[in-house]
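User: I would like to go through the terms used for this model and see what each one rests on. Please set the values against the cut-offs.

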Amino acid sequence: MSNVHLINHPLVQHKLTLMRRKDASTNTFRTLLTELSSLMAYEVLRDMPLQDIEVETPLETMTGKVIDGKKLVFVSILRAGNGILEGMLSVVPGARVGHVGLYRDPQTLEPVEYYFKMPQEMQERDIVIVDPMLATGNSAIAAVTRLKQLKPRSIKFVCLLTCPEGVAALQKAHPDVAIYTAAIDRQLNEHGYILPGLGDAGDRIFGTK
Ligand code: URA
């Protein structure tokens, strides 16, 4: 699969396995998700542009490199995407944050946008969309399509878990968008859940079930 980055670092795999356990508490699940998100950020942001700045060490002046966090926007697909934000922001505290809210129309089954709030000047920014589960791919595709209207410099998509169906759908619609994930599970079930998966990510993050 081209443009798919499987993050198989042992720390990431270990934490993901603990999150899958059905008896993991809401607190445990959320803590692991935060830790895992900051670990994934290292891989996702590997090619972030750097700029040179002068820095005075105690001994002399040198040219050092820094990232411009303000050019980066984490876009959370509501509501489960919010579970990833804290971990990502702990690594790049200067990043901006956008939110996209989508629901599935019961008649057409198509995603409908109910919320969209982004920082200004999106054409100068690199977007990292976050959503723990890339399942059918419908929300991801709709979010990318909408964000492309703002002509950002780049778009990446980060999830914890996906499945062959989700990867294929997003890649077909947006082959230019790199997907970062900690696992590609076996399949989708008839209700759009990933198997073996970890259940409903939103419910597990927010304790709503
Ligand atoms: N959304 C979830 O929260 N879980 C899945 O398995 C699929 C979509």
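**Strands, rings and charges**

Analyst: In this predicted model, His-5 stands opposite Tyr-180 in β11. Three bridges join β1 to β11 (residues 178-181), and the two run parallel.

User: What makes β1 and β11 a pair?

Analyst: Pairing needs at least two bridges. Three bridges join β1 to β11, so the two strands pair.

User: Why are β1 and β6 said to stand at the edges of the sheet?

Analyst: The order of the open sheet is β1-β11-β9-β7-β4-β5-β6, with mixed pairing. β1 (4-6) and β6 each have a single partner strand, so one side of each lacks a neighbour in the sheet. From one strand to the next the twist averages 25 degrees.

User: Why is the pair of Tyr-103 and Tyr-114 called tilted?

Analyst: The structure holds one aromatic pair. The ring centres of Tyr-103 and Tyr-114 are 6.4 Å apart, within the 6.5 Å limit, so the rings pair. Tyr-103 lies in strand β5 (residues 96-104) and Tyr-114 in strand β6 (residues 111-117), eleven residues apart.

User: What sits over the ring of Phe-116?

Analyst: The charged end of Arg-146 does, 3.8 Å from the ring centre; the distance limit is 6 Å.

Conventions
Residues numbered from 1 in each chain as written. Predicted model: local features only at pLDDT ≥ 70, side-chain atom pairs only at ≥ 80, totals over all residues. Heavy atoms only, no water. Phe/Tyr/Trp six-rings, centres within 6.5 Å; stacked < 30°, edge-to-face > 60°. Helix = DSSP H or I, 4+ residues; strand = E, 2+ residues; numbered from the N terminus. Lys NZ or Arg CZ within 6 Å of the ring centre and 35° of its normal. Axes fitted to C-alpha atoms, helices over the stretch in contact; angles between N-to-C directions.
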